[in-house]
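Hello,

Here is the structure we talked about, with notes on what was found in it. Please read them with the model open.

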Amino acid sequence: MAARGAQQFVPESGDLTTLADAARGCRGCELYRDAEQTVFGAGPASARLMLVGEQPGDQEDRAGQPFVGPAGRLLDKALLAAEVNREEVYVTNAVKHFKFKRAAGSKRRIHQTPSRTEVVACRPWLFAELTAVEPEVVVLLGATAAKALLGNDFRLTAHRGEVLRLPENTPALATPHPSSVLRGPADRRDAAFEALVSDLRLASGLL
Ligand code: URA
Ligand code: SF4
């Protein structure tokens, strides 16, 4: 099946539970085939702050919850440092299925960045979450999330930490992805972590 996108699977109206249920059966692109399950966003519908990552990782794919693996632990540390309570935040991803490849002769599943086509295919779910939650501020974790909502030409390095606007006018900040903080060069890790914390603090200050 060609990637026709998620739109045909998105209910016309519905709360987050209805959306999450429907997303379990999404076949909007090929990524559902090899992943364990759809990892929908998590958090209260009343959340004033929404965080958008890239896509679930290995552990999120097994658990069915966003940001519960190593990147999630780093994010938790950053939220704590920024004095933001994760339980009050809605956390989701630009793409709802884990994209990976297997290293030859190994069971290990290696993350692959989703293609633009996959990001666009999955975006109706993200739009539906934005409509259901109506966050006051959105934090875009990494380039994939930022490009999903601000356009493919968006450059994170040029605009990180600026208060931007989503097309429907919601304030948004683009910041380093927790995985890039973890995987980045050791001498830049502290600075990247501080950038993430200061952007989360700035975002929560806009509420
Ligand atoms: N990285 C992401 O972008 N999202 C997750 O849920 C986990 C890791
Ligand atoms: Fe549907 Fe998104 Fe999964 Fe593709 S990645 S099958 S569009 S939920």
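In S7, alanine 174 is the bridge partner of leucine 140. S5 and S7 pair in the parallel sense over 4 bridges; strands count as paired if DSSP finds at least two bridges between them. Helices (H or I, at least four residues) and strands (E, at least two) are DSSP runs, numbered from the N terminus. S1 and S5 also pair in the parallel sense over 4 bridges, and the partner of valine 52 in S5 is leucine 140.

This is a predicted model, in which local features need pLDDT of at least 70 and side-chain atom pairs count only at pLDDT 80 or more, while totals for chains, interfaces and linings use all residues. Residues are numbered from 1 along each chain as its sequence is written, chains are lettered from A and ligands numbered from 1 in the order written, and side-chain values use heavy atoms, without hydrogens and water.

In a regular strand the side chains alternate between the two faces of the sheet. In S5, Val137, Val139 and Leu141 on one side and Val138 and Leu140 on the other are all buried (under 20% relative accessible area, with exposed over 50% and partly exposed in between; 1.4 Å probe, protein chains only).

Regards
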